[in-house]
Structure formats: C-alpha cells, structure tokens
Amino acid sequence: MGKAAHVGVGRLLRVGGLDGVQGRDCMNNARGQVLRYLSVCSGIEAATVAWGPLGWKPVAFSEVERFPCAVLAHHYQDVPNLGDMTKIDGRKYRGTVDLLVGGTPCQDFSVAGKRAGLSGERSRLALDFIRLAREIAPRWLLWENVPGCLSTNAGIDFGSFAQALADCGYHLAYRIMDAQFFGVPQRRRRVFLVGHLGDWRPAAAVLFEPHSLRRDTSQGRKTRHVFPCLTRRGATAYDDRTPYVLEKTGVRIATPKEWERLFGFPDDYTLVPYRGKPAADSPRYKALGNSIAVPVMRWIGERIQKWENIYADG
C-alpha cells in the first residue's frame, strides 16, 4: 500500500437534489466572513479546540452526558448547550449556521458492538443529524464515525444515510483517516464525511488532495513514531483502547494528561471542576476515549477555510 493510502480511503458521492444555483439560494452568511457552526453530540469539543485558531464561532453545542457538559461549561461559558439533539428545532437556526458537525454514537456501528446499525437505539441519532441538516440547511456538513459504519447491514445503513443527506441537497465525500498521520502518536481510524449544499466540488476538494486523486503516493503523509503500549486485550497494541505504557521500570497506565496529548488537546483540558472538586481520572478517560483527534479536525477545518477563501476571492 502506498503512503498516500495511509491517510485513508474514501469515495466521492456525486449525488444531490439541488444544482449549484439552487444550493446558493440556501446559503447563509456571505463567503469570507467568520464561519458559524452548530456542534451536536459535542463531547468535549475537539471541533472547537481545532477551529478556534481559524476564528470560527460555535453557535451552540448539544451534549447530554454530565462530565462532558461540565467541560463545556468550564471552557465555553458563552456558548449555549442545547442538550438533547432530538429536541432541537433546527428551523430556529436556519440562516445562522454555516456548518453542522457531529459524531453520532458509534456503539451500534462498531465491530466491538452488536452491529445493530441504524436500527440500534444509540445510532438512531444519525437520523436526527439528517433532520437537522434538512431543517437548518447549512452549506457544510461534517459527520464522523467508526469505520464499522460502512459495513453494518452489508453497507445499506451508510448508503441510506448518505442518500438521505443527498435528498436534502448535499453532495458528499467520505474518507477513512488515521490520527497517527496527523501528528499524534496513536492509531485511530475514523470515517469523516463532508457534505456541501448544491455543489460536488467543495466536499471533494476538502477531503482529497490532488496527488491522492492522481494515485501519486510520493507525497504521502508521514506518521510520528508510535510507542508500544499494553492494553487489556494484549501486548504491543497501538489502538484506541485504554493504554498501558511499557517503560524500563515496568508497566503503567497512561495518565489523563498523556491521553489529552494523544488526542491533541491542551494539557489538563479535562481537569475541570466536577461535582465540587477537580475531576477524577475515570470520567476524563471516558470523555477523551469518545472524542475526535484534534489535528484531524483542524486539517479538515483548514481545508474548508481554504475553499471559503477561494470563493470569497472570486
């Protein structure tokens, strides 16, 4: 496999119910202005950490778990948390949101789970993601999940999900991307789906570099050294289960701060007040384990911004 393939694999889905002119009628703020986003299934907000340097503004978050909510309240006091995404009336945000982003629960898609797919209770939030896309009509979509989402129900689930977004007018591209090729020392493969309203070119431009489309493997992304660790399931693993670090003096579990660094978060980002005292390790591990790698989100955001700048410049 060539180096370029290490970044991920994906497809361009040139489908959608609106052409470019119709899509622009649904656009929100003018190109070149600050991009505004609504984050659902927010977790501890890898998106906002990644996109803060771009100047993007979160309109609102949507998170229900207690500890991630505490992290959001600590770091983003001026951003409302709407709670349960199934209760959000997207029509209230039409014209004020340029990008809808979310990583809906993955348990029913994961190869480690029961593989219930969209019929599973937790993964049905993907259907609410579609509903919000239809009600809000942002010009960009970004959805993240485990690679298993591509294969549940023989791929019919993902195909149905993509087609439903296409029926809302979005042209889509998706790609499997691995965090280890974006500057963090862990293997974490995830599917990223980008959608753009009324035009197939932006989604493709964001997820696929020209050399990858030419099958030019000479410009592949390099990985940092990934150190061996032990997990509960065995030795010398590099995946995203709880890591036990192998040192000269023996074996120890990785600290929450080391986990934050594995995901690209600032040190002590999750060390926030929780239930009247500094957060214990357990909720920090869980919240980080459910998060998205910040450098991958930053890379995608930078490429969206690049397209926005090109459009603004005519």
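Lys286 is exposed in this predicted model, because its relative accessible area is 52% and the cut-off for exposed is over 50%. The side chain of Lys286 meets that of Glu65 in a salt bridge.

**The salt bridge of Lys286 and Glu65**

- The distance from N to O in the salt bridge between Glu65 and Lys286 is 3.8 Å.

**The salt bridge of Lys257 and Asp268**

- Lys257 and Asp268 form a salt bridge in which the closest N and O atoms are 3.8 Å apart.
- This pair also links distant parts of the chain, with Lys257 in helix 9 (residues 256–263) and Asp268 in the loop between helix 9 and strand 12 (273–274).
- The two residues are eleven residues apart.
- Lys257 is partly exposed, with a relative accessible area of 31%, and Asp268 is partly exposed, with a relative accessible area of 32%.

- Arg131 forms a salt bridge with Glu135, and their closest N and O atoms are 3.0 Å apart.
- Both residues lie in helix 5; because they are four residues apart there, about one helical turn separates Arg131 from Glu135.
- Arg131 and Glu135 are both buried.

**Salt bridges in the whole model**

- The count of salt bridges comes to 16.
- A network of salt bridges links Arg36, Asp98, Arg139 and Glu308.

**Packing of helix 5 and helix 6**

- Two packed helices are described by the angle between their axes and by the distance between those axes.
- Helix 5 (residues 125–136) packs with helix 6 (residues 156–167) at an angle of about 10°, and their axes are 9 Å apart.
- Helix 5 is therefore roughly parallel to helix 6, because angles under 35 degrees count as roughly parallel.
- Helix 5 contributes Ala126, Phe129, Ile130 and Ala133 to the contact, while helix 6 contributes Phe161, Ala164 and Leu165.
- The residues of this contact comprise seven nonpolar, no polar and no charged.

Definitions and conventions. Residues numbered from 1 in each chain as written. Predicted model: local features only at pLDDT ≥ 70, side-chain atom pairs only at ≥ 80, totals over all residues. Heavy atoms only, no water. Axes fitted to C-alpha atoms, helices over the stretch in contact; angles between N-to-C directions. Parallel < 35°, antiparallel > 145°, perpendicular 65-115°, else oblique. Contact = heavy atoms within 4.5 Å. Nonpolar A, V, L, I, M, F, W, Y, C, P; charged D, E, K, R; others polar. Salt bridge = Lys/Arg side-chain N within 4 Å of Asp/Glu carboxyl O. Buried < 20%, exposed > 50% of the residue type's maximum accessible area, 1.4 Å probe, protein only.
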